[in-house]
Amino acid sequence: MTFEDLEAQVASGLVETVIVAATDMQGRIYGKRMTARHFMAAGKDGVGTCSVVLGWGHDHSLDPGYALTGWDNGYPDLVVKPDLSTIRPYPWFDKTVFVMGDANHPDGAEISVAPRTILKDLIARLAGHGLKPLFASELECYLLDETAMTAFDKGFVNLKTRHRTLHPETLIRTSEDEGYLGPLRRHMEAAGVFVEMAKAEYSPGQIEVNLEYAEAMEAADRHMVFKTGAKEIAIQQGMVATFMAKLAHDLGGSSCHIHMSLLGADGKSAFASGDDGRGTSKTMRHFLGGLTAHLRDVFLFLAPTINSYRRLRPGTFAPASVTWGEDNRTAALRLVGKGESRRIENRIPGADVNPYLAYSAMLAGGLRGIEEGIEPIGEAATGNAYGMIESPKLPSSLEEATIAFESSQMVNEAFGSVIQKHYANFGRQSLRAASTVVTDFERRILLLDI
């Protein structure tokens with residue numbers, strides 16, 4: 001939808017509400033619903049909001065330690081500048097459209113630590129090499145027969161999943177869920193968030209939806225609209241959709257496998273080689289080399305919560321070490337496709353990931369590999385990659401990932417000290433918030449026995 005289309009629909013009364021939004025560090029959309037009249041008059045030039053949105057915790061706590069925002073500078077405003085190329089229908093709400101924006105300082109300068117700005121900068125750096133990145137997210141989540149209120153009243157334990165039995169991949173399970181999946185697909189297609197397919201995932205109540213390939217920024221925007229819309233449509237049906245990486249220790253994790261490739265200056269795949277297009281080009285090999293060399297440095301952007309690490313365990317289709325291989329689902333980085341579809345699948349992230357930051361992490365590592373001609377670490381995994389004990393281990397905790405990010409020269413050079421300090425503080429504050437909490441696990445093993 002163009003701005004001219006929006007003008008016409010507002011004038012005719014077809015659109016009454018415009019949502020102006022951006023994303024926080026945690027990968028949640030924050031925004032304001034504006035009357036269409038006011039958006040057309042003033043909102044299209046920017047919408048003010050408190051800068052706390054780029055400095056709060058997972059529970060919206062007022063965390064210290066950020067140069068951008070806090071008590072020391074009075075929590076000043078930032079301005080969300082709508083990107084008018086992102087206007088799209090928001091059809092699960094009547095007469096509503098959605099616009100994604102960029103977080104700016106009041107003087108118009110972009111805020112460097114904003115996730116969308118970080119990705120924008122990496123895309124520009126790839127363009128300097130004549131390369132254009134493409135991405136697609138595969139998102140998994142659980143449907144719960146709960147509401148936000150019932151989950152809260154239960155203390156977020158003993159929650160009922162939509163189903164009780166395993167029926168992964170079966171048609172009957174998706175038929176049971178078609179009352180949710182059908183409207184979800186139709187609404188997303190109408191919003192320009194194009195869906196390839198939906199299926200039943202492994203655990204009871206778990207689903208997977210694959211989004212179509214798109215240029216990097218559009219793919220990240222679609223990821224965010226999909227995730228938010230999936231939760232909102234579930235609410236409308238009296239359910240909860242959760243994208244936690246690990247809902248429960250006895251249930252499968254929810255992943256966000258990220259597929260990516262590069263187009264060259266000629267508009268063709270920079271990854272494909274050979275007569276059949278199944279080969280690994282020099283560009284792909286060095287991109288892969290940079291990824292394997294720097295996964296630990298940028299891991300905070302791939303596994304951003306304490307819960308992320310509950311999912312990353314051997315033998316669970318979630319990786320625990322730096323491995324890669326051709327069409328190998330036990331590896332961290334899976335090489336797939338041929339010709340124009342030749343690509344890398346990053347199997348590390350969970351569904352809790354922020355797509356702007358995760359995509360940026362991959363591009364930063366891969367670009368370093370191209371610039372320095374880095375070869376992939378180790379040999380390609382041809383069997384069970386979990387048995388490759390010589391492979392470097394990935395961070396096993398948020399603390400380890402935060403330390404790696406904070407101390408990394410590569411992160412400092414790729415993102416700059418401002419971003420490095422900001423997100424290192426994000427990791428530390430998340431750890432601090434969890435450090436004093438008494439968990440259900442502790443009560444379950446200690447309350448009656450101690």
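Biologist: Which residue stands opposite V20 in strand 2, and what makes strand 1 and strand 2 count as paired?

Modeller: V20 faces K32 there. Strand 1 (residues 17-23) and strand 2 (residues 29-35) are joined over 7 bridges in the antiparallel sense, and since pairing requires DSSP to find at least two bridges between two strands, they count as paired. Their hairpin has 5 residues between the strands, and G27 takes a positive phi near 85° in that hairpin. This is a predicted model, in which local features need pLDDT of at least 70 and side-chain atom pairs pLDDT 80 or more, while totals for chains, interfaces and linings use all residues. Residues are numbered from 1 along each chain as its sequence is written, and side-chain values use heavy atoms, leaving out hydrogens and water.

Biologist: Why is E400 called partly exposed?

Modeller: E400 is called partly exposed because its relative accessibility is 27%. E400 is found in helix 12 (residues 398-407), and, leaving aside residues up to four places away in sequence, E400 touches R296, L394 and P395, where contact means heavy atoms within 4.5 Å. Between E400 and L300, 100 residues apart in sequence, the C-alpha to C-alpha distance is 9.0 Å.

Biologist: What makes up the contact of helix 7 with helix 11, and at what angle do they pack?

Modeller: Helix 7 (residues 216-236) and helix 11 (residues 355-372) pack at about 145°, with their axes 9 Å apart. Helix 7 contributes A216, M217, A219, A220, D221, H223 and M224, and helix 11 contributes P355, Y356 and Y359. These residues divide into 8 nonpolar, 1 polar and 1 charged.

Biologist: Which residues touch the most other members of the largest nonpolar core?

Modeller: That core has 119 residues, and Y180, F226, I344, F415 and Y423 touch the most other members; helix 7 gives the most to this core, with 10 residues. Setting aside residues up to four places away in sequence, F226 touches L139, L184, M188, V193, V209, L211 and F243.

Definitions and conventions: Axes fitted to C-alpha atoms, helices over the stretch in contact; angles between N-to-C directions. Helix = DSSP H or I, 4+ residues; strand = E, 2+ residues; numbered from the N terminus. Nonpolar A, V, L, I, M, F, W, Y, C, P; charged D, E, K, R; others polar. Core = buried A, V, L, I, M, F, W, Y, C linked by side-chain atoms within 4.5 Å. Buried < 20%, exposed > 50% of the residue type's maximum accessible area, 1.4 Å probe, protein only.
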